[in-house]
Amino acid sequence: MTQQAVADRFGIDKNSISNWERDPKPDARKPARPDIEKLPMLAHLYGKTIDELLTGKAPVRPLPPVPIVGYVGAGAEIFPIDDHAKGGGHDEAPPFPGQEGPAVAVWVRGDSMLPQIEDGWVLYYSRDREGVPGACVGRLCVVQVQDGPMLVKKLEPGKRKGLWRLVSYNASPREDVKLDWAARVLAIVP
């Protein structure tokens, strides 16, 4: 909407609209602002809140709860079962601090990742494709072993191309494992 269209709608001069939108000069004692009774109408007209109009900042919208989609093994053998709708879960966890995008969560079962991860803790990750992204190498990941369990392990290259070494913190590594997918752990919450 042009400044002239807004001015016509409110029956005021176009320069007033221009002054409202422009940053005040550093030496201005009082920035140009619309009359208080016009703020609700302006907010509605622009599809903004009054706070957004006055500060120029969008409100922070809370992220929705994160679905807990099952369990991941840390020493325990956990075989995933997809018995819930895509995007759904068995339970919900709050978004983790600093979360910016979508994620899912899993409960940890086992103690092979002690002392960093304990049984019953929640891990958050995000996975948007099959395979093993390069960003997973050398990192703590949730992995799906081909025709096998879903685990949390540090991921290292295996001895042959396409195979992986799954490292535990206090148990022997699994050598030359084929994976369906891997996703970096984004957060660990006790």
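**Entry 1: V142 and the cores.** I began with V142 and listed its contacts beyond four places in sequence, which are V72, L123, Y125, M150, L151, V152, W181, A182, A183 and V185. I note here that the model is predicted. I then looked up the second, separate core, which has 11 residues and includes L151, L155, L166 and V177. Turning to the largest nonpolar core, I found 17 residues, and V72, I117, L123, Y125, V142 and V152 are those with the most contacts inside it. The elements that give two or more residues to this core are β1 (66–73), β3 (104–109), β4 (122–125), β5 (140–145), β6 (150–157) and β9 (179–189), and β9 supplies the largest share, three residues.

**Entry 2: S168.** I located S168 in the loop between β7 (164–167) and β8 (174–177). Is S168 buried or exposed? I count S168 as buried because its relative accessible area is 10%, under the 20% cut-off. Its side chain makes a polar contact with the side chain of K153 at 2.7 Å; with neighbours within four places in sequence left aside, S168 is in contact with S112, M113 and K153.

**Entry 3: α1 and α2.** I looked up how helix α1 (residues 3–10) and helix α2 (residues 14–21) are placed, and their axes come within 8 Å and cross at roughly 115 degrees. The crossing of α1 and α2 is right-handed. On the α1 side I listed Q3, Q4, V6 and A7, which meet K14, I17, S18 and E21 in α2; the residues of this contact divide into three nonpolar, three polar and two charged.

Methods. Residues numbered from 1 in each chain as written. Predicted model: local features only at pLDDT ≥ 70, side-chain atom pairs only at ≥ 80, totals over all residues. Heavy atoms only, no water. Helix = DSSP H or I, 4+ residues; strand = E, 2+ residues; numbered from the N terminus. Buried < 20%, exposed > 50% of the residue type's maximum accessible area, 1.4 Å probe, protein only. Polar contact = N/O pair within 3.5 Å; in protein donor to acceptor, adjacent residues only side chain to side chain. Contact = heavy atoms within 4.5 Å. Core = buried A, V, L, I, M, F, W, Y, C linked by side-chain atoms within 4.5 Å. Axes fitted to C-alpha atoms, helices over the stretch in contact; angles between N-to-C directions. Left-handed = near helix turned anticlockwise from the far one by under 90°. Nonpolar A, V, L, I, M, F, W, Y, C, P; charged D, E, K, R; others polar.
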